Amino acid sequence: MASAPQTPTALDLWPYEEARRLAERVGGYEAGRAVVFQSGFGPSGLPHLGTMGEVLRPSYVRHAFRLLSPDRPQRFVVFIDDMDGLRKVPENIPNREAFTEHLGKPVSRIPDPFGDCHDSFASHMIALLGSFLAPVEVEYELMRSSEMYGGGAFDDALKLVLAKHQEIIRIVTPTLREENRAGWSPVMPLCPSCGQVNSTLVTAYHPDRGTVEFSCERSFGGAHGCGFRAEQSILGGAAKVQWKVDWALRWFVLKVDYELYGKDLIDSARLSGQILKLLGGRPPLGFAFEMYLDEDGHKVSKSVGRGVGVEQWRRYAPIEVLKYFLILNPKRARKLFLEAIPQYVDEYLDALRAWSSADAAARANSPLTFVLQSASARRFNSTITFSLIMNLVPALGTSDRELIWTYLVNYDPGIAGDPETERLARSLMECALNFYRDFIEPAKQPYAPSGTELEQLDSLASWLEANPAANAEAIEKAVYDLGRANYDKPGKIFPVIYRTLMGQERGPRLGAFIRLATPEKVAHALRTALHQAAAS
């Protein structure tokens, strides 16, 4: 890991910029007071890579802050919103119909949908979050809303909310839809009769007693109140507050200094900051990042199962690539889906090549300062790309690891000349094999060339057979010459070759790819395709 930089102002990556803002904010704190970072996780659905970003990105700022202010203690709290009522049953859990009866109840009080391995819906999701975060070497404290409310940690602040409920209502209700303003309350009692929290309507406040009167009569989605009425304490877990108030509540109690959130929460953060000031607190520094999108441009969502799981990612790419993806320009929306992974791996390999030859000052200002882990390869002394490996596997049509490795070493002996390079390259080969087995092989459709395509492919096969030692540039020129001789635009020959060799419309640069796979192997594959076309 890079040592503390000597000239902090020369470090311009966004985590350093945020760390400098934070250092200015906490400059007047007493020496022993910790800087508090926070992130939240709503355990109403499975964690996905968007969740990973909400934890990793503040950890990058924390790391930068530690480099710039090594003597200041820090805490990073991952806050679990498990007192929230279940608003809808996620699409990616088993036996969904059986869980409609639990709508409106806190997820900490709903049975585990995956069996009896955990004491609640929330506990199962929290366990998944722990295993989800384990590979990325991030330090954090887990804090559960149900324990903070139930254990009384929020009680004093809840009394403040009750005492200032009218002012909070005046802040929040103008931001609500007209139909939601009447009867809105910052406090949500937990109904002792049906167990719901979303169905209760507060009808009177008693700050002197720390209680509210309420009736359980609201309908919310598929949940309906049971009609119970009572006066009830709001302390000790018998109530929670609306989430915008809840955000301010935890900022107030935990004395949070820094939190990142999606740009869709900018207005909510502003509102929560107003409530926090009303309670006597100081809003944390904020950083709004852009959304993660799936392949269709939709926001990644845990409630509908949209997104990529970390185990999926680790099957198809090293975990460092995910960390690298998440540190790049968080102000820009990026697509996060499986088919885009090869591009991100190649971006990471380029950065690693630059890192290995950089001096200490350049490394301090590299994203890899935040990305590399204890067991990460520190160099990649090869020109081979992951995209090339991904295309070699289907072209060879084999899962024989040593055969694939032989082709890679023949193409670039440097890939086996250094232990760290070889270790990473073999890992990439395994990822490519997994991707091939899971996605390419099942969907692969053989292509039968016809008409003049047969003559073109026969000509290419003959050229490759006659030039087994041709380099990538010579092969690329031969393909272009063949395209010029047969099409108005020479590039039109490329899809013909890709379809025949790989069963797809696009692929790698053919010169480099054919050199990698060897002209003999590609010529043989073309002859096989021509023979099958003639026999059909």
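In this predicted model, strands β5, β6 and β9 form an open sheet in that order, with antiparallel pairing; strands count as paired if DSSP finds at least two bridges between them. Helices (H or I, at least four residues) and strands (E, at least two) are DSSP runs, numbered from the N terminus. Because β5 (200-206) and β9 (229-233) each have a single partner strand, they stand at the edges, and one side of each is left without a neighbour in the sheet. Neighbouring strands of this sheet are turned by 30° against each other on average, direction ignored. Axes here are lines fitted to C-alpha atoms, for helices over the stretch in contact, and angles run from 0 to 180 degrees between N-to-C directions. Strand β6 (residues 211-216) runs antiparallel to β9 and is joined to it by five bridges. Within the sheet, V212 stands opposite Q232 in β9.

Residues are numbered from 1 along each chain as its sequence is written. As this is a predicted model, local features need pLDDT of at least 70 and side-chain atom pairs count only at pLDDT 80 or more, while totals for chains, interfaces and linings use all residues; side-chain values use heavy atoms, with hydrogens and water left out.

A parallel open sheet is built from five strands in the order β3-β2-β1-β11-β12. Its edges are β3 (141-144) and β12 (285-289); each has a single partner strand, so one side of each is left without a neighbour in the sheet. The twist averages 25° from one strand to the next. Seven bridges pair β1 (residues 35-41) with β2 (residues 74-80) in the parallel sense, and F41 stands opposite I80 in β2.

Helix α1 (residues 14-25) touches β1, β11 (258-262) and β12, and its direction makes about 160° with that of β12. Helix α3 (residues 121-133) touches β1, β2 and β3, its direction making about 170° with that of β3.

| Helices | Axis angle | Axis distance |
|---|---|---|
| α5 (residues 155-163) and α6 (residues 165-172) | roughly 70° | within 5 Å |
| α21 (residues 510-517) and α22 (residues 519-535) | about 100° | 5 Å |

Angles under 35 degrees count as roughly parallel, over 145 as roughly antiparallel, 65 to 115 as roughly perpendicular and the rest as oblique. Helices α5 and α6 are therefore roughly perpendicular to each other. In this contact, V161, L162 and A163 of α5 meet H165, E167 and I168 of α6, giving four nonpolar, one polar and one charged residues. Ala, Val, Leu, Ile, Met, Phe, Trp, Tyr, Cys and Pro count as nonpolar, Asp, Glu, Lys and Arg as charged, and the others, Gly among them, as polar.

Helices α21 and α22 are likewise roughly perpendicular to each other. I514, R515 and A517 of α21 make the contact with P519, K521 and V522 of α22; these residues divide into four nonpolar, no polar and two charged.

The model has 19 aromatic pairs, a pair being rings of Phe, Tyr and Trp (its six-membered ring) with centres within 6.5 Å; planes under 30 degrees apart count as stacked, over 60 as edge-to-face and the rest as tilted. The rings of W243 and W247 have centres 5.7 Å apart and planes at 35°, so this pair is tilted. Both residues lie in helix α8 (residues 243-254), four residues apart, about one turn of the helix.

The chain averages a pLDDT of 90, and 95% of the residues score at least 70; pLDDT is the predictor's confidence in each residue, from 0 to 100. Over residues 1-9 pLDDT stays under 50, and the model has twelve contacts beyond four places in sequence for them.

Methods:
Contact = heavy atoms within 4.5 Å.
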